[in-house]
Amino acid sequence: RCTMACRKPPVTPEGWQFAPLVEDRLAVVCRADHPASRRRRLRWKDLADHTWLTLPAGTAAHERFEELASAFPHPPRTYAVVTRSPTALWWLLRHEDVIAYPSLNLVRPLIDVGEIRRST
């Protein structure tokens, strides 16, 4: 018997079980002084003209973003860097004029100290 910690895979292999340890969800986030952060409540269509920092293809966040962005009136503008590195993602969110749709647990430390904000 083997135990490991990971995100839920799209398909659980036969004979395996997945037991969530922490509930997670995706959230729209941006730098605390980003123009979008000034609005109390944002609708998805309000974000169409911003530049997006997307997560790598194959991640749940990327797949869900692609689904939601299909409702934009035009293809979303995306930032030239795509990374799996939490450190790089945090730096880009704090220093670049981008919006992202990552796992809330991934960016919670930056939200907690007020460096980035999430849309409600």
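**Note on the predicted model**

1. R84 is exposed, its relative accessible area being 61%; exposed stands for over 50%, buried for under 20%, and partly exposed for what lies in between, with a 1.4 Å probe and protein chains only. This is a predicted model, in which local features need pLDDT of at least 70 and side-chain atom pairs count only at pLDDT 80 or more, while totals for chains, interfaces and linings use all residues. Residues are numbered from 1 along each chain as its sequence is written, and side-chain values use heavy atoms, with hydrogens and water left out.

2. R84 sits in the loop between β3 and α2 (86-95). Helices (H or I, at least four residues) and strands (E, at least two) are DSSP runs numbered from the N terminus. Leaving out residues up to four places away in sequence, R84 touches P56, A57 and T59, where contact means heavy atoms within 4.5 Å. From R84 to P56 there are 28 residues in sequence and 6.6 Å in space, C-alpha to C-alpha.

3. The sheet is open and has five strands, in the order β3-β2-β4-β1-β5, with mixed pairing. β3 (77-78) and β5 (116-118) are the edge strands and have a single partner strand each, so one side of each lacks a neighbour in the sheet. Two strands are taken to pair if DSSP finds at least two bridges between them. β1 (residues 29-31) pairs with β5 in the antiparallel sense, over three bridges. In β5, I116 is the bridge partner of R31.

4. R31 belongs to strand β1. With a relative accessible area of 15%, R31 is buried. The R31 side chain makes a polar contact with the side chain of D33 at 2.3 Å, and it reaches the backbone oxygen of E96 at 2.7 Å. A polar contact is a pair of N or O atoms within 3.5 Å; within protein, one must be able to donate a hydrogen and the other to accept it, and residues adjacent in sequence count only if both atoms are side-chain atoms. Not counting residues up to four places away in sequence, the residues that R31 touches include S37, L93, E96, V98 and I116.

5. T51 is in strand β2 and counts as buried at 18% relative accessibility. Its side chain makes a polar contact with the side chain of R77 (2.9 Å). Beyond its neighbours within four places in sequence, T51 is in contact with R77, T78, Y79, D97, V98 and I99.

6. L55 lies in the loop between β2 and α1, and at 11% relative accessibility L55 counts as buried. Residues up to four places away in sequence aside, L55 touches A61, H62, V82, Y101 and P102. Between L55 and W90 the separation is 35 residues in sequence and 12 Å in space, C-alpha to C-alpha.

7. Helix α1 (residues 60-69) has A61, H62, F65, L68 and A69 buried. Down the axis of α1 these buried residues fall within an arc of 130°, so they line one face of the helix; the arc is that of the directions from the helix axis to the C-beta atoms. β2 (51-53) is among the elements covering them.

8. In α2, the buried residues include L89, L92 and L93. They fall within an arc of 100° seen down the axis of α2, so they line one face of the helix. Their cover includes β1, β2, β4 (99-100), α3 and β5.

9. Helix α3 (residues 104-112) lies across β1 and β5, at about 130° to β5; axes are lines fitted to C-alpha atoms, for helices over the stretch in contact, and angles run from 0 to 180 degrees between N-to-C directions. L104, V107, L110 and I111 of α3 are buried. Their arc, seen down the axis of α3, is within 115°, so they line one face of the helix. The buried residues of α3 pack against β1, α2 and β5. G114 follows α3 and has a positive phi, near 80°.

10. The largest nonpolar core has 14 residues, and those with the most contacts inside it are V28, W44, L47, W52, F72, I99 and Y101. Its largest share, three residues, comes from α1. A second, separate core of 13 residues includes A27, L53, V98 and V107. A nonpolar core is a set of buried Ala, Val, Leu, Ile, Met, Phe, Trp, Tyr and Cys residues joined through side-chain atoms within 4.5 Å.
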